[in-house]
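I opened my notebook to look up a few features of one protein chain. Follow along with the picture and check each entry as we go.

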Amino acid sequence: MSDKEFDVIFIGGGPGGYAGAIRAAQLGLKTMLIDDRKGDDGKPAPGGTCLNVGCIPSKALLDSSKHFHHIQHDYTAHGITADGVSIDIDKMLERKRKVVKQLTGGLVQLFKANKIEFVNGRGKLFSDRQVEVTPNDSEKYTATAKHVVLAAGSVPFSIPNVEVDNEYILDNVGALEIPEVPQRFGVIGAGVIGLEMGSVWSRLGAEVVLFEALDDFLPAIDRDMAKVAQREFRKQKLDIRMGCKVSGAEVSDGKVKLSYNDGQDDHEEVFDRLLVAVGRKAATDNLASDDSGVDRTDRGQIKVDAHCRTSAENVWAIGDLVRGPMLAHKASEEGIAVAESIAGQAGHINLETVPWVIYTDPEIAWVGKTEAQLEDEDIEYRSGAFPFAATGRGLAMGNAVGQVKILADAETDELLGCQIVGAYASEFIGEVVVAMEFNGSAEDLARIVHAHPTLSEAVHEAALSVDKRAIHKAN
Ligand code: FAD
Ligand code: NAD
């Protein structure tokens, strides 16, 4: 094999591509990874959207803003008061950048340790798995591989008449770099990014208004759970306006004027900054030539089978480029599964048990199906719910908002879904994922000993409640 021939080339170094490349190298495959992202310092910044402008920086800001909010509003009942609390936004942003840099720099070291040929630049697939490699700092050349994995991720959707400049009208990149707290912060789209970034700037003191096109808030979860979450967000003064159709936004004199219709009348609102968070689309631009043999779906995603194989021989695609949830852990698991399949192992990913988390306060986490989906599919089910207000730990913490809901098959009791609205939901949704992955039942969860006092006892009680035998509530 020449130094331009590989067993596998990954194009895109986000959670899908980098995890897949590391696994491929572990399995003894000669591996190249191409990723185009550079940091502010001009150094390679692999890790994709997630590490650079997604999961990690947003969580860093969510944590900073949560501390700021808690210390001012949530500790008085504990007997703690703090005067003169202030926040240094520069420092907060600097901390976020440091976290990102630590992680992206760590990846470069991991690539070296695993002997991955890492190129900071663009990759483009041509026929017969020839890849045109254009390094950021040298001449282009062609490399070939027995297998190519497309892992280019996603980019934000735009909407007509709302032009992102990332100074006043922002996408996720600009929303993570606002240099001072806006007095009024507008958000188009009350989905995952809108709620997370809206929470950050609201906790820091901005007046936040979210404009959502749909009439239903968070359609991915059940209505009763969405109501619990929406009630809490309203208490936090997130002004969420449903059924709004945005017609345009204009910047003048450092302000953004947004025009919209609320289903009845036309309105205008003025904001200091406006975030556009209306979903994301597969990043397929300039990724594969027309003769590469890679088909796309009507939605512009790369078409793949259950094992992430595309229509071109030995070309695979993973993560945000393909069907399924646009989540980092889903992308990573697909990358690993594809690497294992290429090495002749049984790569596996179960899209039915991918957990979702929205990192608001309360957190919202779910896995599996909702009641509405089960009804659509004519599946008979039983449900059990349990409020955190009835847990000793929630009350002791002074954070007993929300509830756990479990859905199980009416006949077999197999777990079909779980939704949690509450503190640390992100941490203990995993218990239900494990149970579902092993085809567990509500009875299995009900029979497992849960430590006391913990918030996870609400999962235990919700499982008991499926059979109407919860201990700490009337059934
Ligand atoms: P990406 O992470 O998008 O990585 C693809 C990489 O490939 C990019 O760096 C891109 O620049 C590069 N690339 C593209 N084309 C080429 C090419 N031709 N040549 C070379 N390089 C190329 N998910 C979660 O699970 N949890 C969260 O908390 C979470 N928070 C998020 C917050 C925000 C604000 C956003 C925007 C997203 C968030 N996500 C979260 C989603 C998550 O970031 C994505 O699902 C995940 O990054 C997808 O991974 P990927 O590997 O498919 O693609
Ligand atoms: P989203 O799909 O979560 O939410 C977009 C919202 O915008 C939807 O509610 C949609 O109805 C609404 N919308 C669409 N067009 C509109 C319009 N013209 N006017 C008003 N509202 C409109 O998408 P997102 O928030 O942009 O996030 C993109 C994806 O990134 C997420 O779906 C998720 O996969 C991923 N993400 C995950 C996390 C996490 O895991 N915690 C965090 C952020 C992003």
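This is a predicted model: local features need pLDDT of at least 70, side-chain atom pairs count only at pLDDT 80 or more; totals for chains, interfaces and linings use all residues.

**Entry 1: charges over rings**

I started with a rule: a charge sits over a ring if NZ of Lys or CZ of Arg is within 6 Å of the ring centre and within 35 degrees of the ring normal.

I then found Lys-30 over the face of Phe-6, at 4.8 Å from the ring centre.

**Entry 2: aromatic pairs**

Next I turned to rings that meet other rings, where centres within 6.5 Å make a pair. How many aromatic pairs does the rule give? The count comes to six.

Trp-356 and Trp-366 form a stacked pair, with 5.4 Å centre to centre and 5° between the planes. I looked up where they sit: Trp-356 belongs to strand E17 (residues 356–358) and Trp-366 to strand E18 (residues 363–368), so the pair ties together parts that are ten residues apart in sequence. Are these two buried or exposed? Trp-356 is partly exposed, because its relative accessible area is 24%, while Trp-366 counts as buried at 7%.

My next pair was Phe-388 with Phe-428, which is edge-to-face, at 6.1 Å centre to centre and 70° between the planes. Phe-388 is in the loop between strand E19 (381–387) and helix H10 (392–397), and Phe-428 is in helix H11 (residues 425–437), so this pair links distant parts of the chain, 40 residues apart. I noted that both Phe-388 and Phe-428 are buried.

I also wrote down one aromatic cluster, formed by Phe-211, Tyr-260 and Phe-271.

**Entry 3: helix H7**

I checked the length of helix H7 (residues 223–235). Its 13 residues, at 1.5 Å a residue, should span 18 Å, and the end C-alpha atoms are 18 Å apart, which agrees.

Which residues of H7 are buried? I listed Met-225, Ala-226, Val-228, Ala-229, Gln-230, Glu-232 and Phe-233. They pack against helix H6 (192–203), strand E10 (239–241), E18, strand E20 (403–409) and strand E21 (415–422). Just after H7, I came to Lys-237, which takes a positive phi of about 70°.

**Entry 4: helices H3 and H4**

Here I followed two helices that cross. The axes of helix H3 (residues 55–73) and helix H4 (residues 89–113) come within 9 Å and cross at roughly 145°. The crossing is right-handed.

Which residues meet there? From H3 I noted Ile-56, Pro-57, Ala-60, Leu-61, Asp-63 and Ser-64, and they meet Met-92, Leu-93, Arg-95, Lys-96, Val-99, Val-100 and Leu-103 in H4.

I ran the length check on H3 too: its 19 residues should span 27 Å at 1.5 Å a residue, and the end C-alpha atoms are 26 Å apart, which agrees. Among the buried residues of H3 are Leu-62, Phe-68 and His-70. What covers the buried residues of H3 includes helix H2 (48–53), H4 and H6.

**Entry 5: backbone exceptions**

I reminded myself that most residues other than glycine have a negative phi, and most peptide bonds are trans.

I then looked up two cis bonds. The peptide bond from Asp-361 to Pro-362 is cis, with omega near 5°, and Pro-362 lies in the loop between E17 and E18. A cis bond also joins His-452 and Pro-453, with omega of about -5°. I placed Pro-453 in the loop between helix H12 (442–447) and helix H13 (457–466).

For positive phi, I noted Asn-166, at about 55° although it is not a glycine. Asn-166 is in the loop between strand E6 (154–156) and strand E7 (169–170), and it is partly exposed, with a relative accessible area of 31%. Asn-439 has a positive phi of about 55° and lies in the loop between H11 and H12. At 55% relative accessibility, Asn-439 counts as exposed.

**Entry 6: His-147**

My last stop was His-147, in strand E5 (residues 141–150). Its relative accessibility is 13%, so His-147 counts as buried. What does His-147 contact, leaving aside its neighbours within four places in sequence? I wrote down Asp-7, Val-8, Ile-9, Arg-129, Asn-314, Trp-316 and Ile-342.

Methods
Residues are numbered from 1 along each chain as its sequence is written. Chains are lettered from A and ligands numbered from 1 in the order in which they are written. Side-chain values use heavy atoms; hydrogens and water are left out. Rings of Phe, Tyr and Trp (its six-membered ring) pair if their centres lie within 6.5 Å; planes under 30 degrees apart count as stacked, over 60 as edge-to-face and the rest as tilted. Helices (H or I, at least four residues) and strands (E, at least two) are DSSP runs, numbered from the N terminus. Buried means under 20% relative accessible area, exposed over 50%, partly exposed in between (1.4 Å probe, protein chains only). The expected span of a helix is 1.5 Å times one less than its number of residues. Contact means heavy atoms within 4.5 Å. Axes are lines fitted to C-alpha atoms, for helices over the stretch in contact, and angles run from 0 to 180 degrees between N-to-C directions. A crossing is left-handed if the near helix is turned anticlockwise from the far one by less than a right angle, and right-handed if clockwise.
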